[in-house]
Amino acid sequence: MAANGIKANHTLDCKGLACPMPIVRTKKAMDQLDPGHVIEVEATDKGSLADIQGWAKNTGHHYLGTVHEGEVLKHYIRKASAGEAQPERKFPRIVSNEELEQVLASAGKPTILDVREPAEYAFSHIPGAKTIPLGELENRVGELSQEEDIYVVCRTGTRSDLACQLLESKGFARVHNVEPGMSGWAGASEREA
Amino acid sequence: MTKVAIIASNGGLFDAYKVFNIATASAATEAEVAIFFTFEGLNLIHKEAHAQLPLPAGKEQFAEGFKAANVPGIPQLVEMAQELGVKMIACQMTMDVMNLPKEAFIDGIDVGGAVTFLDFAKDANVTLSF
């Protein structure tokens with residue numbers, strides 16, 4: 001757990017290292033990481049800010065953001081999973097990002113459930129969205145009401161699809177999967193980091 | 001997959017950093033990398049020479065800078081490049097001219113001619129010469 005409250009599954013210390021070491025170390029650490037998990041890379045190399053983003057773009061991993069703490073740059077990257085690009089979708093009730101924006105504009109305050117990892121949520125989320133990472137959802141369904149419409153979002157619609165299926169199996173009839181989710185979100189968002 | 005083809009034809013410390021920084025950074029970004037070492041470039045993979053490459057004349061003061069910036073040593077970068085799967089090809093013709101056997105070089109390299117490199121470089125996305 002990082003001091004700034006952003007939760008990562010693994011922290012990699014690259015402080016004091018010069019190019020290309022932060023990238024080489026990140027690649028090696030990422031190979032050991034489970035898909036979907038978030039790595040925090042601490043570096044003092046100023047060039048790492050641009051390098052990490054370029055690296056993530058070229059390797060297909062998801063760069064979440066960077067926090068500056070004095071001389072130290074803390075980069076957050078989520079490891080992509082192999083099947084993320086073409087997931088098998090099963091949950092039938094889907095709303096688009098635009099439809100959710102309309103609901104937000106007209107219906108006041110629907111429940112938005114963000115099932116991404118806390119680090120992803122921290123860098124950008126829909127204002128008022130409730131955060132429960134997919135991995136914790138089963139134990140925390142009690143925090144949700146079956147009497148309300150629940151719009152479930154993640155980054156691309158894959159994890160939220162699984163979350164919708166899980167909620168349906170727990171008796172929630174009014175859940176909607178938002179597609180694609182935060183990767184294409186053009187509406188209001190806020191950042192906590 | 002991105003392919004990066006590099007020709008190393010100079011044998012100083014600056015040259016070595018240019019070659020191996022690009023090579024390791026590319027390989028860590030999941031590119032397929034091959035380096036062709038020719039003429040003085042062979043110093044960069046010579047068993048003894050690669051650990052004590054000279055700074056350019058008049059630039060000796062930068063030795064301090066390398067230390068201060070905590071830049072990894074060339075042997076460490078070479079080892080890393082090999083771990084990351086960078087293919088290293090020593091130029092057979094230069095080895096013959098300079099009378100250097102394969103044993104004079106670090107382990108894990110290939111020896112080949114210009115066509116060995118061209119075969120790799122012909123469909124490379126990035127080609128660099130140092």
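Across the interface of domain 1 and domain 2 of chain A, 1 residue pair is in polar contact, with both residues at pLDDT 80 or more; a polar contact here is a pair of N or O atoms within 3.5 Å, where within protein one must be able to donate a hydrogen and the other to accept it, and residues adjacent in sequence count only if both atoms are side-chain atoms. This is a predicted model, in which local features need pLDDT of at least 70 and side-chain atom pairs count only at pLDDT 80 or more, while totals for chains, interfaces and linings use all residues. Residues are numbered from 1 along each chain as its sequence is written, chains are lettered from A and ligands numbered from 1 in the order in which they are written, and side-chain values use heavy atoms, leaving out hydrogens and water.

Let's stay with chain A. Its domain assignment, which is automatic or from a database, gives domain 1 (10-82) and domain 2 (87-184). Their C-alpha centres lie 28 Å apart, and the contact (heavy atoms within 4.5 Å) takes 9 residues from domain 1 of chain A and 6 residues from domain 2 of chain A. Together the two domains bury about 630 Å², 71% of it on carbon and sulfur atoms; buried area is the accessible area (1.4 Å probe) that two parts lose on being put together, summed over both. On the domain 1 side, A:H62, A:L64 and A:R78 supply 63% of the area buried against domain 2, more than any other three residues.

A:R78 also forms a salt bridge with A:E120, the closest N and O atoms being 3.6 Å apart. The rule for a salt bridge asks for a side-chain nitrogen of Lys or Arg within 4 Å of a carboxyl oxygen of Asp or Glu.

Now for the partner chain. Here 16 residues of chain B are in contact with 13 residues of chain A, and the area buried between chain B and chain A is about 1200 Å², with carbon and sulfur atoms giving 64%. B:A28, B:T29 and B:E30 supply 36% of the area that chain B buries against chain A, more than any other three residues.

Which side chains meet in a salt bridge? They are those of A:K28 and B:E83, at 2.6 Å from N to O, and this interface has 1 salt bridge. There are also 4 residue pairs in polar contact between chain B and chain A, both residues of each at pLDDT 80 or more.
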